[in-house]
Amino acid sequence: MSPARALSAAALAALAIAPWVAARYQLSLLTDLLIYGLFALSLDLIMGYTGMVSFGHAAYFGLGAYASALVLIHFAPPVPVALLAGALLAGAVALPIGWFSTRATGIYFAMLTLAFAQLLYTVAYKWRDLTGGSDGIAGVPKTDLFWGGPSLASPRAFYFLVAACVVLSLVLCRAVVRSPFGRALQAIRENERRFTSLGRDPRPFKLAVFVIAAVFAGLAGALFAPFRGFASPEVMFWVFSGQGLMMVLMGGLGTLVGPILGAMVFILIQEVLSSYTEHWMIFTGAVFVLMVIFLPGGLVGTARRLRARA
Amino acid sequence: MVEQLLNALTLAGLLFLVSAGLSLVFGILRVVNFAHGVFYMLGAYLGFTTVALSGAFWPALVVVPLVVGTLGTLIESSTLRFIYRRPPLYQLLLTFGLALILEEGIRILYGPTAKGIDPPAYLEGAVRLGSLQYPRYRLFVVALGLVVAAAVWLFLRKTRAGLVIRAVAQNSEMADCLGADVARVRTLVFGAACALAGLGGVAAAPMTTAYLGMGIGVIVDAFVVVVIGGLGSIGGSMAGSLIVGAAQTWGAFYLPETAMVIMYAVMGAILIFRPWGLFGEPE
């Protein structure tokens, strides 16, 4: 067995036994970490594999959260229906925004995605009748796995749902980046001009990956709403988009697993620091600045480099 | 009508002070400075301190840009300088980290409450313009924006230093070969841009007070300005500031609930025809 395979097997085993080992609080923290991990994973598709920096990825997480919260509150269907609704709404909104934003490249793309995300944030904030404005939507129920199926209300049951979604998403994303489509994305990242001169139009590829990433971010948001029991405009705010970028970079751009780890490390740092000081942001910012300068490969990228050298 | 026009010009003046620096830094350093809005916020807070210490408003207009500009040069030469060779993503992320540090630093120093500044006595009150009463201070902000715009334009077009800066913007390697000290130009331009943002913060404070979160508010607007106008172009910043100022002012007047939407709609419409902005150049 290769070391990579052994590591993934160990990680899967750890995920499987965690609910029996972890205390209640730890299990809820782990569920949180996995949801943020899924968000960072989705961002890595566009950022790490295609080289497009989206500064508005939180919008799709937020759309997923709102869609799932509204569907669950008004119709109380099984949770997977709400997940589907969240993922689909995020993808559907990402389509026109992506069509627009991918007309621009580089920095213009980043700014356009930021502007559209702020626009969606404003809509969520102002459309009180639908979204509850700044209060958000509270009391989102955790319903069943399917009609008449087992309840997901227990922390352990919901944890397994989240873990299954994250593992499945990781497998799917891995399949995407290893497919010919994924190779094309990486070719665009490496040299868009050459890609064009080989007779291919990069825009459909960029639009497709933008929508795919939004769908997975929407799924993460759709898990978030019933898990936390609410959806509020904060999850669409630019700060969260920025944190997503930090998670991806800390874990390692273009590694898929890295961003999940990065999200976990990021939230854990925050969790530990915030128990000592309310000004944890200043330390997170400093750690991040140092990492950008000294460890551009992130945790996974640096680990791989060290192993290659050894 | 005249009142709305003056409001739009006031807003445009402030937006220009912020977006000009953003655009200049992008032109010279090829970096989108996410922390730029925080320098604006820092300017407002330092303006509050200066006014509190000196008891007068005018010193703040001089001292604050100097302090913010110096801080900018220090930050550039201690962090950004090392990563110019990396893909642009890293510089954007670095400035994002810097923004977090600065924002939280200001929160620690000044606490969560907003700080108001009084405008100087002879800029208080209103001026009579025909049938209209208009706040004197806002007219001062319009004038300040115009003066700075003219000064920046003249500096870049008519002085030797401006020539070197434009050369670095056009082709930094060639400028380097011809003997320009590119590293120094970058540091000084970054500092000057921060100073402009700080000046904008001081000018804004009597109208908006200094508050946490004003940095991000202005940076998003400034991004829209430079996207409309084209990054790296001072003329573009002027045009973009006027367009965004007008869109926000008339938007807030006629359709208060959807003012933000109008700004983005205008941006979207312009980008359909010119994805690199009105005065920018295709990458």
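Of the 283 residues in chain B, buried ones make up 51%; a residue is buried if 20 or more other C-beta atoms, placed from the backbone, lie within 10 Å of its own, exposed if 12 or fewer, and partly exposed in between. In chain A, buried residues make up 50% of the 310 residues. The model is predicted, so local features need pLDDT of at least 70 and side-chain atom pairs count only at pLDDT 80 or more, while totals for chains, interfaces and linings use all residues. Residues are numbered from 1 along each chain as its sequence is written, and chains are lettered from A and ligands numbered from 1 in the order in which they are written.

**Chain B as a whole**

- Chain B contains 11 helices and 2 strands; helices (H or I, at least four residues) and strands (E, at least two) are DSSP runs, numbered from the N terminus.
- Read from the N terminus on, the order of elements in chain B is α-α-α-α-β-β-α-α-α-α-α-α-α.
- The radius of gyration of chain B is 19 Å, close to the 19 Å that the globule rule gives for 283 residues, so chain B is as compact as a globular protein of that length. The radius of gyration is taken over C-alpha atoms, and the globule rule is 2.2 Å times the number of residues to the power 0.38.
- The C-alpha trace of chain B spans about 60 × 45 × 35 Å along its principal axes.
- Of the contacts in chain B between residues at least 6 apart in sequence, 74% join residues at least 24 apart. Two residues are in contact if their C-beta atoms, placed from the backbone, lie within 7 Å.

**Chain A as a whole**

- Chain A has 14 helices and 2 strands.
- For chain A the radius of gyration is 19 Å, close to the 19 Å that the globule rule gives for 310 residues, so this chain is as compact as a globular protein of that length.
- Taken along the principal axes, the C-alpha atoms of chain A fill a box of roughly 55 × 45 × 40 Å.
- In chain A, 77% of the contacts with a separation of 6 or more are between residues 24 or more positions apart.

**Where the two chains meet**

- Chain A brings 32 residues to the contact and chain B brings 36 residues.
- On the side of chain A that touches chain B, the elements giving two or more residues are helix H5 (106-126), helix H11 (238-251) and helix H13 (280-294) of chain A.
- H5(A) gives the most to this side of chain A, with 12 residues.
- By class, the residues on this side of chain A are 22 nonpolar, 8 polar and 2 charged. Ala, Val, Leu, Ile, Met, Phe, Trp, Tyr, Cys and Pro count as nonpolar, Asp, Glu, Lys and Arg as charged, and the others, Gly among them, as polar.

**Helices**

- Helix H2 (residues 36-54) of chain B has 19 residues and reaches 27 Å from its first C-alpha to its last, close to the 27 Å expected at 1.5 Å a residue. The expected span is 1.5 Å times one less than the number of residues in the helix.
- H2(B) is largely enclosed by the rest of the structure, because 15 of its 19 residues are buried.
- After H2(B) comes B:Gly55, whose phi is positive, near 75°.
- Two packed helices are described by the angle between their axes and the distance between the axes.
- Helix H4 (residues 79-101) and helix H10 (residues 202-228) of chain A have axes that come within 7 Å and cross at roughly 145°. Axes are lines fitted to C-alpha atoms, for helices over the stretch in contact, and angles run from 0 to 180 degrees between N-to-C directions.
- The contact of H4(A) with H10(A) has 20 nonpolar, 5 polar and no charged residues.

**Individual residues**

- Most residues other than glycine have a negative phi.
- A:Ala76, which is not a glycine, has a positive phi of about 45°. A:Ala76 lies in the loop between helix H3 (58-75) and H4 of chain A, and counts as partly exposed with 13 C-beta neighbours inside 10 Å.
- B:Thr209 also has a positive phi, near 65°. B:Thr209 sits in the loop between helix H8 (182-208) and helix H9 (214-229) of chain B, and is partly exposed, with 15 other C-beta atoms within 10 Å.
- B:Ala151 belongs to helix H5 of chain B and counts as exposed, with 10 C-beta neighbours inside 10 Å.
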